[in-house]
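Me: Hi! Could you walk me through this one while I have it open?

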Amino acid sequence: MINDKLKIEKIMVDGQPQLKLKGVIDEDASFDVIKKENGPLYLNLSEVTGINSLGIRNWVNLGKELSGREIFYIECPPVIVRQMNMIPSFSGQAKVVSVFVPYVCDNCETEKLVLVGQKELSLSSPQVAESFSCENCKNGEMELDGNPKQYFAFKK
Ligand SMILES: [Zn+2]
């Protein structure tokens with residue numbers, strides 16, 4: 001984790017500027033790039049690889065500093081979704097645009113992340129496949145890694 005220091009890059013997706021976070025959110029993570037940004041904040045979290053307890057505190061404090069700003073979380077990986085589910089203040093006022101749902105093959109243990117977007121997330125209980133056949137071994141079933149109700153508990 002030591003060499004995985006958080007980097008924040010500005011990217012353009014369909015003409016919309018996003019801030020892409022890469023690496024681990026910990027006590028050394030600097031959010032200056034986010035704080036300097038004007039207007040709505042589109043935070044792409046797909047390449048966040050980990051977060052520790054001091055990182056969580058950092059992140060919650062950032063949310064407080066940015067209170068009143070429009071914030072969107074895009075492509076949240078499971079490591080972020082789990083924090084949002086455990087700690088309501090983790091996402092604060094942010095709108096969750098899309099999340100990755102983890103699946104694991106019951107035969108070859110291949111893992112796959114499936115992106116669930118705004119349309120599904122706007123439903124009170126998102127409809128996601130509980131399982132689908134594995135493209136890797138063609139033999140097993142990819143199963144949702146966890147309980148779907150728990151996984152979408154962050155939805156308010
Ligand atoms: Zn498989």
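Me: Which residue is the bridge partner of valine 101 in S7?
Reply: Valine 114 is the partner of valine 101. This is a predicted model, where local features need pLDDT of at least 70, side-chain atom pairs count only at pLDDT 80 or more, and totals for chains, interfaces and linings use all residues. Residues are numbered from 1 along each chain as its sequence is written, and side-chain values use heavy atoms, with hydrogens and water left out.

Me: Thanks. How many bridges join S6 to S7?
Reply: Six, and strand S6 (residues 99-105) runs antiparallel to S7. Strands here are DSSP runs of E with at least two residues, helices are runs of H or I with at least four, and both are numbered from the N terminus. Two strands pair if DSSP finds at least two bridges between them.

Me: And what is the strand order in that sheet?
Reply: The order is S7-S6-S9-S8, an open sheet of four strands with antiparallel pairing. Its edge strands are S7 (111-116) and S8 (131-133), each pairing on one side only. From one strand to the next, the twist averages 30°. For angles, axes are lines fitted to C-alpha atoms, for helices over the stretch in contact, and the values run from 0 to 180 degrees between N-to-C directions.

Me: Which strands does H3 lie across, at about 115° to S6?
Reply: H3 lies across S6 and S7. Contact means heavy atoms within 4.5 Å.

Me: Let's switch to the other sheet. What's the order there?
Reply: S1-S2-S3-S4-S5, an open sheet of five strands with mixed pairing. Strand S1 (7-13) and strand S5 (95-96) are the edges, each pairing on one side only. Strand S4 (residues 71-74) is joined to S5 by two bridges, and these two run parallel. Tyrosine 73 has valine 96 as its bridge partner in S5.

Me: Which helices pack on it?
Reply: Helix H2 (residues 53-65) touches S2, S3 (41-51) and S4, with its direction at about 170° to that of S3. Helix H3 (residues 78-86) also packs on this sheet, touching S3, S4 and S5 at about 100° to S3.

Me: Is S3 mostly covered or mostly open?
Reply: Mostly covered: eight of its eleven residues are buried. Buried means under 20% relative accessible area, exposed is over 50%, and partly exposed is in between (1.4 Å probe, protein chains only). S3 pairs in the parallel sense with S2 over six bridges and with S4 over four. Leucine 19 partners leucine 43 in S3, and tyrosine 42 stands opposite phenylalanine 72 in S4.

Me: What about lysine 20, buried or exposed?
Reply: Buried, because its relative accessible area is 15%. Lysine 20 is in strand S2 (residues 16-25). Its side chain makes a polar contact of 3.1 Å with that of glutamate 47. Such a contact is a pair of N or O atoms within 3.5 Å; within protein, one must be able to donate a hydrogen and the other to accept it, and residues adjacent in sequence count only if both atoms are side-chain atoms.

Me: Last one: what are the domains?
Reply: The domain assignment gives domain 1 (1-97) and domain 2 (102-156), with bounds from an automatic or database assignment. Their C-alpha centres lie 23 Å apart, and eleven residues of domain 1 are in contact with 14 of domain 2.
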